[in-house]
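Try each task before you read its solution.

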Amino acid sequence: MLVGFVAGSIVALWLGDESIEAARDAIDRVTGRRDRVNFELLLQ
């Protein structure tokens with residue numbers, strides 16, 4: 001668990017806040033966590 005925390009902290013410092021926010025936004029878009037309907041998933 002400690003190794004994961006350290007590795008995550010290093011990645012966070014390396015990528016920066018903007019990159020992490022963009023990754024979270026992309027994950028939210030793919031998983032459909034946004035307030036709007038994800039029509040790509042409905043087409044399947």
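pLDDT is the predictor's confidence in each residue, on a scale from 0 to 100. This is a predicted model, so to speak of local features here takes pLDDT of at least 70, side-chain atom pairs count only at pLDDT 80 or more, and totals for chains, interfaces and linings use all residues. Residues are numbered from 1 along each chain as its sequence is written, and side-chain values use heavy atoms, with hydrogens and water left out.

**Exercise 1.** Find where in the chain confidence is lowest and where it is highest.

*Solution.* Next, go by element, where helices (H or I, at least four residues) and strands (E, at least two) are DSSP runs, numbered from the N terminus. The chain has three helices and zero strands. Confidence is lowest in H3 (residues 39–42), with a mean of 75, and highest in H1, at 84.

**Exercise 2.** Work out whether Phe5 is buried or exposed.

*Solution.* Then apply the cut-offs: buried is under 20% relative accessible area, exposed is over 50%, and partly exposed lies in between (1.4 Å probe, protein chains only). Phe5 counts as exposed because its relative accessibility is 59%. Finally, zoom out: of the chain's 44 residues, 5% count as buried.

**Exercise 3.** Check what phi does just after H1.

*Solution.* Go to Gly16, where phi is positive, at about 95°.
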